[in-house]
Amino acid sequence: MFEQFSSGYYLGRLYVEPRPGEEAAIARAQHEQVNEQLYAGDGVERTDLPLVMKLENTHFTVYGDESVPADTIAVPEDLVEDTRIRNPPTLREVFLAKAERARQLLSVAAGTPTSEEAMDELVPDDPFGLSEFDGPTGI
C-alpha cells in the first residue's frame with residue numbers, strides 16, 4: 001500500500017472519498033497493520049494510535065474505521081473541497097509520515113516542544129517506540 005518516498009514519508013495511492021464529520025479514516029484492518037509496522041516497536045504495542053498523512057498540502061490524523069473500504073481514505077468533506085479532487089472517489093497519491101516525522105507533527109499540533117531532549121522529558125519512556133523503529137518498506 002505504501003512505499004519508501006523520502007526520509008520523512010512513505011508514498012501510497014489510495015482512493016480518496018469524502019465523509020461527514022471531522023476525522024479521516026482508512027479500513028480498520030489496514031490501519032492496524034500500518035500502525036503496527038510503522039509506529040510499534042518490539043513487544044505488545046497499541047495499534048489504535050492515529051496515523052499522520054498528507055494529501056496535497058494538508059496534514060491530518062487518520063483513524064481506523066470498519067465502514068471504510070480497503071485501499072480508501074475517507075476524509076472530512078471540507079478537506080476534499082480544499083483539494084483538486086472534483087469527482088470522488090478518486091485515486092490519489094497520499095503521503096504517510098514516518099514515525100519520527102509523525103511524532104514531530106503531532107508535537108507541533110499539540111503545542112509541545114519538538115526537540116529530542118524536550119520530547120524525552122515529555123515522553124521519557126517513549127511508549128510508542130517511535131525513536132527506535134523507522135518502519136517498513138512496502139507496507
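User: What does Glu56 form a salt bridge with?
Analyst: Glu56 forms one with Arg92, and their closest N and O atoms are 3.5 Å apart. A salt bridge here is a side-chain nitrogen of Lys or Arg within 4 Å of a carboxyl oxygen of Asp or Glu. The pair links distant parts of the chain, 36 residues apart: Glu56 is in the loop between E4 and E5, and Arg92 is in strand E7. Helices (H or I, at least four residues) and strands (E, at least two) are DSSP runs, numbered from the N terminus.

User: Where do these values come from?
Analyst: This is a predicted model, in which local features need pLDDT of at least 70 and side-chain atom pairs count only at pLDDT 80 or more, while totals for chains, interfaces and linings use all residues. Residues are numbered from 1 along each chain as its sequence is written, and side-chain values use heavy atoms, with hydrogens and water left out.

User: Is Arg92 buried, partly exposed or exposed?
Analyst: Arg92 is partly exposed, at a relative accessible area of 21%. Buried means under 20%, exposed over 50%, and partly exposed in between (1.4 Å probe, protein chains only).

User: How many salt bridges does the structure hold?
Analyst: Five. One of them joins the side chains of Arg28 and Glu66 at 3.4 Å, N to O. Arg28 is in helix H1 (residues 28-39), and Glu66 is in the loop between strand E5 (58-65) and strand E6 (72-76), 38 residues apart. Arg28 is partly exposed at 34%, while Glu66 is exposed at 67%.

User: New topic. Which strands does E7 pair with?
Analyst: Strand E2 (residues 9-19) runs antiparallel to E7 (residues 90-97), with eight bridges joining them. E7 also pairs with strand E4 (residues 51-55) in the antiparallel sense, over two bridges. Two strands pair if DSSP finds at least two bridges between them.

User: Which residue in E7 is the bridge partner of Met53?
Analyst: Leu96. Met53 and Leu96 are also among the residues with the most contacts inside the largest nonpolar core, along with Phe60 and Ile73. That core has 29 residues, and its largest share, five residues, comes from E2. A nonpolar core is a set of buried Ala, Val, Leu, Ile, Met, Phe, Trp, Tyr and Cys residues joined through side-chain atoms within 4.5 Å.

User: What does Phe60 touch?
Analyst: Its contacts (heavy atoms within 4.5 Å) include Ala24, Met53, Ile73 and Leu79, not counting residues up to four places away in sequence.
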